[in-house]
Amino acid sequence: MAPITKEYDYVVIGGGSGGMAAARRAASYGAKVAIIEAHSVLGGTCVNVGCVPKKIMWNTASVNEMLKQASGYGYSVSEYKFDWNTVKNKRDAYIKKLNGIYENNMQREKVDHYHGHAGFKDAKTVIVTLEGSEPVELTGKKILIATGSHSIIPNVPGKELGIDSDGFFKLEHQPKRVAVVGTGYIAVELAGVFHALGSEVTVFSRTKFILRKFDDIIKNNLLTEMQSVGVNFVFDSGVKGLRLKDENDKNGPIIVEYESNGEKGELEADTVLWAIGRVARTEGLNLEAAGVQVDQRGHIVVDEYQNTNVENICSLGDVVGKSELTPVAVAAGRKLSNRLFGGEQYKDDKLDYVNIPTVVFSHPTAGTCGLTEDQAREKYGEIKVYQEKFVNMYFGLLDHKEPTAYKIICTGPEEKVVGLHLLGRNSDEILQGFGVAMRMGARKSDFDNCVAIHPTAAEELVTMR
């Protein structure tokens, strides 16, 4: 039997944040749109096993931190217990509710949702397959690839004994001892959650640093803070394999075999989290049939307008490997659909990837926008750096003085702000407004001319000299 064939103005492969944003925006202009998602629910990594449930767990961990700090403010907090499974069930229910909202949005805006695996037949045809169902062929005048990325699992013996960030959200109970392999933002965030909730955490780093791509004021001060509160680090290390402590106890402790500075070692843990990076999700797409070009790392190659080398095929989000952040994919998807379907006024619409603010939900939080100090020196040569490290007033009555550290990087005679880096309580909320200022081309004098809000941590950014 020949497959069912349907024609669309726009076929979107990937029902994550970027794909959904592009599909909905295109539909709002009257385009006939189809969206294909391999998983049973819409939302992609961010909604289901990423940003949203991660922030819930960060909130959960932060509540526990505040309970421990309460005595410093005169509260006598009676004994309390934390139940991981209770939070997991409530978190899962919340995510399920969001899945329903996204599905309803697609129906309301008349976007056809296909559940199945997408693969190119040729440059204008995508075949959707799902076990137990007849394949469907979708032809699109325009096709968007927004399939995201997935975790890298190292090829070492016993690798299946570890979990990735997806597996973190499947944990039914809190492990007592956790080994985290990696030092990127996912590793740092989840290590922070585990530790703040009372797990014993050991982080394995290939270097002596964390958050390699971030400015020194963030990565150095955050590393020192994590160590000061009891997170263990094994530096200059490589994990060589995992094995069960008792082969007859499949749910028992795991032995992490590693090397550090040329010496072999072992660590016993209840959970091992692989967080060494992510790779573009292109497997099964049959990109060769469409002639879509990928780079050496497997990312789809696009130009500044999200065009691939194939005239009618575009791509965005993590699969292109540029600023792999959910809001970036959403913004790129909307601007792309504006350009493709919004008429003459949007014919040149595209996302500007300069000065994109982003936050690490560590403990404490960190935020960054623009260039690091090293990047600014490489690009501009002569720069002016303003920085300050202090204790947030919140910690004034507490025994543990969590640090706050800010850096402003400027260039040129007018001291245009080209980099802003924040570490400390509420940095995640502070950064958004300053991101707007940087997008508008703010100078240091603009910061200086803003009257401070007192007493706040953020006022340091407009009083720094």
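Setting aside neighbours within four places in sequence, Ser260 is in contact with Val234, Phe235, Asp236 and Ser237, where contact means heavy atoms within 4.5 Å. The model is predicted: local features need pLDDT of at least 70, side-chain atom pairs count only at pLDDT 80 or more, and totals for chains, interfaces and linings use all residues. Residues are numbered from 1 along each chain as its sequence is written, and side-chain values use heavy atoms, with hydrogens and water left out.

- Ser260 belongs to strand β12, residues 254-260; helices (H or I, at least four residues) and strands (E, at least two) are DSSP runs, numbered from the N terminus.
- The relative accessible area of Ser260 is 15%, so the residue counts as buried (buried is under 20% relative accessible area, exposed is over 50%, and partly exposed lies in between, with a 1.4 Å probe and protein chains only).
- From Ser260, the side chain reaches the backbone oxygen of Phe235 at 2.8 Å.
- Asp236, one of the residues in contact with Ser260, sits in the loop between β10 (232-234) and β11.
- Asp236 is partly exposed because its relative accessibility is 23%.
- Although Asp236 is not a glycine, its phi is positive, at about 50°.

**Nonpolar cores**

- The largest nonpolar core has 36 residues, of which Met57, Phe168, Val180, Val201, Ile210 and Met226 touch the most other members; such a core is a set of buried Ala, Val, Leu, Ile, Met, Phe, Trp, Tyr and Cys residues joined through side-chain atoms within 4.5 Å.
- Two or more residues of this core are given by each of α3 (51-69), α4 (84-108), β8 (177-181), α6 (185-196), β9 (200-204) and α7 (216-228).
- Helix α6 supplies the largest share of this core, seven residues.
- Another core, of 24 residues, lies apart from it and includes Tyr8, Val11, Ala34 and Ala290.
- In soluble globular proteins, nonpolar side chains tend to be buried together.

**Packing of α3 against α4**

- The axes of α3 and α4 come within 10 Å and cross at roughly 145°; axes are lines fitted to C-alpha atoms, for helices over the stretch in contact, and angles run from 0 to 180 degrees between N-to-C directions.
- The crossing of α3 past α4 is right-handed, a term for a near helix turned clockwise from the far one by less than a right angle, left-handed being anticlockwise.
- On the α3 side, the contact is made by Val52, Pro53, Ile56, Met57 and Thr60, and on the α4 side by Trp84, Val87, Arg91, Tyr94, Ile95 and Leu98.
- Beyond four places in sequence, Met57 is in contact with Trp84, Val87, Arg91, Phe168, Phe169, Val193 and Leu197.

- Gln306 lies in the loop between α8 (287-290) and β16 (313-315), and its relative accessibility of 4% is why it counts as buried.
- A polar atom of the Gln306 side chain lies 2.9 Å from the backbone oxygen of Ser315.
- Apart from neighbours within four places in sequence, Gln306 is in contact with Cys314, Ser315, Leu316, Ala332, Leu336 and Tyr353.
- Thr368 is part of strand β18, residues 366-370, and is buried, with a relative accessible area of 9%.
- The side chains of Thr368 and His421 make a polar contact at 2.8 Å; a polar contact is a pair of N or O atoms within 3.5 Å, and within protein one must be able to donate a hydrogen and the other to accept it, while residues adjacent in sequence count only if both atoms are side-chain atoms.
- Residues in contact with Thr368, beyond four places in sequence, include Phe214, Ile218, Ile356, Pro357 and Leu431.

**Cysteines**

- The structure holds zero disulfides, a disulfide being a pair of cysteine sulfur atoms within 2.5 Å.
- For Cys369, which is in no disulfide, the nearest cysteine sulfur is that of Cys410, 13 Å away.
- Cys369 counts as buried at 0% relative accessibility, whereas Cys51 is partly exposed, with a relative accessible area of 34%.

**Backbone geometry**

- Most residues other than glycine have a negative phi, and most peptide bonds are trans.
- The His363 to Pro364 peptide bond is cis, with omega near 5°, and Pro364 is in the loop between β17 (358-360) and β18.
- The His454 to Pro455 peptide bond is cis, with omega near -5°, and Pro455 is in the loop between α12 (444-448) and α13 (460-463).
- Glu415, not a glycine, has a positive phi of about 50° and is found in the loop between β20 (403-411) and β21 (416-423).
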